Amino acid sequence: MEKEANFAVQWHLNDTCNLNCRHCYGNEIHGELSFNDLTKIISDISSTINIWNSFTPLSKSINYTGGEPLLYKDLFKLIDYSNKEGFSSAILTNGTLVDKEKARIISNLEVNYVQISVDDIYEHHDSLRGLKDAFKMAIQGIENLVEEGIFVNVSCTLSKLNVGRIEEIISLMATVGVSSIRFPRLIPIGRGRQLNQNILSSAETKSAFTYLVQLSDKYSSKIEVMIDDPLFALLNSSQKCESTCNTESNIFCEGACSIGFTGICIMPDGTLYPCRKMPIPLGNVMKTPFRDIWINSEVLNNIRNINNLKGHCGNCSLSYKCKGCRAMAYAVSGDYLGNDIQCWKDWGL
């Protein structure tokens with residue numbers, strides 16, 4: 001039976017937020033769209049995915065975020081609408097506003113999961129988030145969701161600031177009922193540029209990722225430690241890529257970043273980015289049909305062809321399934337086809 005891929009939209013509904021995070025990748029203001037405009041975009045994307053389904057089995061999902069999505073007045077109404085249109089849905093939030101009432105509403109909406117951003121523990125988290133008791137509030141939000149039987153994923157941005165507390169973070173999240181935890185790397189864009197010196201070196205990244213693999217086994221009965229960064233391919237070089245990747249006829253590419261294949265980012269005004277951490281405007285779905293942007297984008301087409309990669313990434317024998325992090329390359333060098341500076345493969349480490 002052919003494996004079903006999932007096309008995921010990360011939708012930033014607003015720029016408004018109740019926190020002031022030091023590593024936030026958003027530092028620009030976009031205009032917000034009306035509910036009717038949002039539903040038109042959903043229909044546009046759904047129509048495109050229906051076309052793709054004639055090529056390969058494909059499900060569809062929308063991850064709603066912000067800003068802080070719980071400050072967006074039509075969030076729950078929009079989730080209900082997109083669910084009826086066949087999309088599965090998730091909410092990506094800082095967790096501080098998830099009271100018991102909101103947790104009950106979310107439970108009734110059949111949301112797949114709620115992702116809470118917890119970047120460290122106790123006062124360390126508060127310092128990053130710019131609000132006293134932000135950690136306590138996020139944990140309370142998690143507990144409210146867990147009480148309603150909602151699958152909770154924690155996203156913890158990995159850097160020099162918290163790498164020494166990885167296991168402590170995992171253990172605590174397991175204790176409060178979190179189902180899974182992931183550790184995306186700190187990308188120095190937006191306000192995150194001020195933390196540039198806290199990006200892990202390639203050697204530190206290898207050490208941290210190796211440790212995460214070990215912790216994934218250690219805590220497998222308590223919490224899923226997600227191994228979902230492209231560079232994890234370097235720790236499992238026997239893994240094979242089972243498909244050829246191109247624009248439409250085979251949209252699924254296993255083992256690499258979803259940029260240009262099974263994922264896209266929508267900003268509050270309808271502008272498309274390849275990824276929120278790679279703020280290169282591709283077009284605006286309020287002006288141009290989604291499928292036209294997806295097929296004709298020079299940026300996306302450049303990324304889809306691994307022969308366009310440069311430096312170590314371009315010469316790497318594992319580029320067909322890793323490709324490195326294009327957002328990291330762009331943030332550091334301004335060239336989204338350049339090196340992923342945290343890769344250790346060709347550095348003799």
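**Charged pairs, rings and their setting**

Modeller: K73 and D74 form a salt bridge in which the closest N and O atoms are 3.1 Å apart; the term denotes a side-chain nitrogen of Lys or Arg within 4 Å of a carboxyl oxygen of Asp or Glu. The model is a predicted one, in which local features need pLDDT of at least 70 and side-chain atom pairs count only at pLDDT 80 or more, while totals for chains, interfaces and linings use all residues. Residues are numbered from 1 along each chain as its sequence is written, and side-chain values use heavy atoms, with hydrogens and water left out.

The structure holds 13 salt bridges. Another of them joins the side chains of K102 and D99 at 3.8 Å, N to O. K102 is partly exposed at 23% relative accessibility, and D99 is likewise partly exposed, at 33%.

The bridge between R185 and D340 has an N to O distance of 3.0 Å. R185 lies in the loop between β6 (180-182) and α7 and D340 in the segment after α11, so the pair ties together parts that are 155 residues apart in sequence. Helices (H or I, at least four residues) and strands (E, at least two) are DSSP runs, numbered from the N terminus. R185 is buried, with a relative accessible area of 4%, and D340 is buried at 3%. Through shared partners, salt bridges join R185, D229 and D340 into one network.

Helix α11 (residues 326-333) precedes the segment that holds D340. Within this helix R326, A327, M328 and A329 are buried, and the elements covering its buried residues include α9 (298-304) and α10 (311-315); contact here means heavy atoms within 4.5 Å. Just after α11, G334 takes a positive phi of about 85°.

The aromatic side chains come next. The structure holds 11 aromatic pairs. Rings of Phe, Tyr and Trp (its six-membered ring) pair if their centres lie within 6.5 Å; planes under 30 degrees apart count as stacked, over 60 as edge-to-face and the rest as tilted. F7 and W52 make a tilted pair, with 5.1 Å from centre to centre and 55° between the planes. This pair links distant parts of the chain, since F7 is in strand β1 (residues 5-12) and W52 in helix α1, 45 residues apart.

F7 lies in strand β1 and W294 in helix α8 (residues 290-296), so the pair ties together parts that are 287 residues apart in sequence. W294 is buried, with a relative accessible area of 1%. Ring pairs link F7, W52, F290 and W294 into a cluster.

Not counting residues up to four places away in sequence, I170 touches I181, F183, L212, L215, Y219, I223 and V225.

Finally, some backbone features deserve attention. Most residues other than glycine have a negative phi, and most peptide bonds are trans. Y122, although not a glycine, has a positive phi of about 55°; Y122 sits in the loop between β4 (113-117) and α4 (123-129) and is partly exposed at 42%. D133 also has a positive phi, of about 70°, and is not a glycine. The place of D133 is the loop between α4 and α5 (134-147), where D133 is partly exposed at 33%. The peptide bond from G66 to G67 is cis, with omega near 20°, and G67 is found in the loop between β2 (58-65) and α2 (75-84).

Notes:
Buried < 20%, exposed > 50% of the residue type's maximum accessible area, 1.4 Å probe, protein only.
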